[in-house]
Amino acid sequence: MSDRITIVVVDDHPLFRQGVVAALQQEPDFQVVGETDSGEQALQLARTLMPQVMLLDVSMTGWNGIQTAEKVSIACPATAIVMLTVSDDKDRLLAAFKAGARAYVLKGVSAQELARVVRAAAAGEVYVSQSLAGEMLVSLTQGKAPDPLQELTSREREILALIGNGFTNRQIGEKIFLSEQTIKHYVTNILQKLQVRSRVEAALLANRHSSGSR
């Protein structure tokens, strides 16, 4: 099926990797197109297979998951990276998102929840546990202006709010009657003005602004 979400699984523990692959293959809309135990080969697979989603272990020998995520996100920006980890360490979480990851998932998560996160990542959404979202916001905004959103135009604020609600560029364009290419241009400007690197950081700032204005 051409409309299935293509996935590469990267983990240096064979038993765990095989279990993840087996669980994902049970989903009719998923297609696991590759698997590997190293970051170096993960980059090669990303370049040759262009998967929609890459599940990536944080802790690996050689290139660790965060190093690999950064290289893959630069080489293949269309690939959504979902980090797999046994740790909910805030510093690793922050580093993973700064490296380009869209989701950070504990390895104890259920197969059903992992499938939901994969679908969300493929659709351009982001995932981080509620327990860590607050701490991540503090780290992201340290040293920045008290209100980083003040530099945005009203249209940019509107688009940022939609990003914070998990809308993709296409969905935003349909909602406010602009082309997807125009939305991409707005998003680029928003990231530059907020001095953030990814939609994840922008979404978190949008959510903070929304909470603070209530």
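Predicted model: local features only at pLDDT ≥ 70, side-chain atom pairs only at ≥ 80, totals over all residues.
Of the chain's 214 residues, 45% count as buried. As for secondary structure, the tally comes to ten helices and five strands. Among the contacts in the chain with a separation of 6 or more, 63% are accounted for by residues 24 or more positions apart.

Turning to the rings, the count of aromatic pairs in the structure is zero. Lysines do show up over ring faces, though. K71 lies over the face of W63, 4.7 Å from the ring centre. K107 sits over the face of F16, and here the distance to the ring centre is 4.4 Å.

Next comes the empty space. Rolling a probe the size of a water molecule over the atoms is a handy way to show where such space is left. The largest pocket has a volume of about 610 Å³. Its lining is made up of 24 residues, and those closest to the pocket centre are P77, T79, G100, R102 and R199. Several elements give two or more residues to this lining: the strand β4 (80-85), plus the helices α3 (65-75), α8 (169-176), α9 (180-194) and α10 (199-212). Of the elements lining the largest pocket, α8 gives the most, with three residues. R199, one of the residues closest to the pocket centre, falls within the 199-212 span of α10.

Key:
Residues numbered from 1 in each chain as written. Heavy atoms only, no water. Helix = DSSP H or I, 4+ residues; strand = E, 2+ residues; numbered from the N terminus. Buried < 20%, exposed > 50% of the residue type's maximum accessible area, 1.4 Å probe, protein only. Contact = heavy atoms within 4.5 Å. Phe/Tyr/Trp six-rings, centres within 6.5 Å; stacked < 30°, edge-to-face > 60°. Lys NZ or Arg CZ within 6 Å of the ring centre and 35° of its normal. 1 Å grid on protein atoms, 1.4 Å probe; cavity = no way out; pocket = protein on both sides within 12 Å on 5 of 7 lines; lining within 4 Å. Points joined across faces, edges and corners; volume = space filled by probe spheres on them.
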